[in-house]
Amino acid sequence: MTSHHVDLIKEFLGNRSMSESSKGRKFHNILKASLGQAQGILSRLLPFGVHAFVSAISYGSGICLLQLLGASLRISCANRLLGPCLGAIGVGAASALSGHMSRHAKRQMNEQKNLWQALLSPFWSDIDIQELLLDAFSGIMIFKLYGGSFRRLLPSNLKAAGAHARTCVPVSAGDHANDSQKGLLISIYQRDGCHHCGSKRGIVIGDHIPPTKLVNEVKAQHKAVEASLKHIPDLLRQVFVSKESQCIKQDYYAQCQSCSQAQASLMRHGRRSALVLHKVWLQPPGFTPGILVGLRQCCEDMRTIHTSTGPRSAGNASSSKGQKREGEGRHRRGIWGWTTPIVEEQQPGVDVYCSFEAKGLPATTASNSVEVTVLN
Ligand SMILES: [Zn+2]
């Protein structure tokens with residue numbers, strides 16, 4: 001409902017000279033016009049919603065598959081070399097998938113298939129390699145523009161800081177966090193969730209990273225090396241055993257109880273995998289790259305419609321038969337490329353074709369048909 005309709009309703013309510021029956025008719029007309037306008041706006045926004053939904057689901061599926069691939073290849077977010085490489089490839093593939101599914105959905109709608117027919121239609125039958133490459137490149141650029149981190153799309157490693165780790169609290173003296181450190185960890189947990197899995201449920205635990213057991217193992221190794229070198233001069237011993245390597249700095253990260261138990265099991269028994277799957281869709285920028293890549297189809301439709309309607313608005317009321325415009329035939333291509341059936345009796349300005357035979361004209365000319373535009 002626009003401001004015009006609000007003004008009409010105000011005028012209607014303030015007009016006391018009008019009879020009750022005429023008031024009722026006028027109110028009905030205003031309401032009908034408002035509903036028709038709202039329906040028109042919704043029908044134009046619906047393709048945006050469909051494109052956004054399909055592309056978001058496709059992109060989300062793509063990055064979830066990427067995480068599973070990383071787990072199967074034993075590549076975690078803690079891998080500073082392979083993690084970003086695999087993450088960038090995964091974002092490109094997920095973006096290409098979202099763009100293709102958005103195009104596929106549009107084609108199904110243009111063919112006026114119902115939901116089941118659209119779902120059963122093989123989506124791999126209309127793959128366009130050039131469009132896929134463009135979608136992949138666009139998705140990677142959007143992902144980085146929004147500050148995304150490729151390696152954070154891969155599984156977390158229980159032996160290192162997880163994919164959701166953004167802030168930590170330095171470990172002070174003692175084995176346990178003090179009250180101020182606990183307060184900081186709770187606020188971090190409520191904001192970012194568990195640094196390994198992203199969960200925000202349950203109690204928060206201050207996780208030592210690197211784990212204390214690994215730190216103790218490294219210190220024990222250094223002591224053993226130092227003991228084996230005790231007979232050589234101090235100068236040479238300092239070269240082989242640096243003091244910095246013995247002072248490993250630990251930080252507290254907010255962790256959930258489930259990940260803490262899994263980490264403890266790994267450290268004590270070493271029987272489980274060190275990789276943990278997490279809520280990858282919570283990682284910034286979320287579904288944004290997939291949605292924007294999918295909405296590119298809408299922008300292309302808008303550009304196409306603008307280009308195709310431009311010459312007509314410049315007074316090109318009639319055209320030759322060979323210049324058939326888009327929209328001729330049984331269906332008219334609507335905005336965003338969706339088709340709607342045309343009822344010719346109700347369409348102002350539709351093109352009517354008729355043929356005539358002119359006296360004295362050659363047969364080839366007389367058989368030609370001309371287009372007449374009916375102006376209502
Ligand atoms: Zn967790």
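Predicted model: local features only at pLDDT ≥ 70, side-chain atom pairs only at ≥ 80, totals over all residues.
Next, the metal. Cys-194, Cys-197, Cys-256 and Cys-259 are the protein donors of the zinc ion. The site is tetrahedral, with angles of 106 to 112 degrees among the four donor atoms. For reference, the ideal angle for four tetrahedral donors is 109.5 degrees. Along the sequence, the donor residues follow the spacing C-x2-C-x58-C-x2-C.

What does the pair Cys-197 and Cys-256 tie together? Cys-197 sits in the loop between helix H6 (179-192) and strand S3 (205-209). Cys-256 sits in the loop between strand S4 (251-255) and helix H9 (257-269). The pair therefore ties together parts that are 59 residues apart in sequence.

Are these two residues buried or exposed? Cys-197 has a relative accessible area of 14%, so it is buried. Cys-256 is buried too, at 5%. The cut-off for buried is under 20%.

Now the surface. Phe-123, Trp-124, Ile-127, Ile-129 and Leu-133 make a nonpolar patch of about 560 Å². One of them, Ile-129, belongs to helix H5 (residues 129-145). Ile-129 counts as exposed because its relative accessibility is 55%, and exposed means over 50%.

Note on methods:
Residues numbered from 1 in each chain as written. Heavy atoms only, no water. Patch = residues over 30% accessible without salt bridge, like charges linked within 9 Å, V, L, I, M, F, W, Y side chains within 5 Å. Areas by Shrake-Rupley, 256 points an atom, 1.4 Å probe, with all protein chains shown as cover. Salt bridge = Lys/Arg side-chain N within 4 Å of Asp/Glu carboxyl O. Helix = DSSP H or I, 4+ residues; strand = E, 2+ residues; numbered from the N terminus. Buried < 20%, exposed > 50% of the residue type's maximum accessible area, 1.4 Å probe, protein only. Donors = N, O, S within 2.8 Å, 3.2 Å for Na, K, Ca; no water. Tetrahedral: all angles 85-135°; square planar, octahedral: opposite > 155°, others 65-115°.
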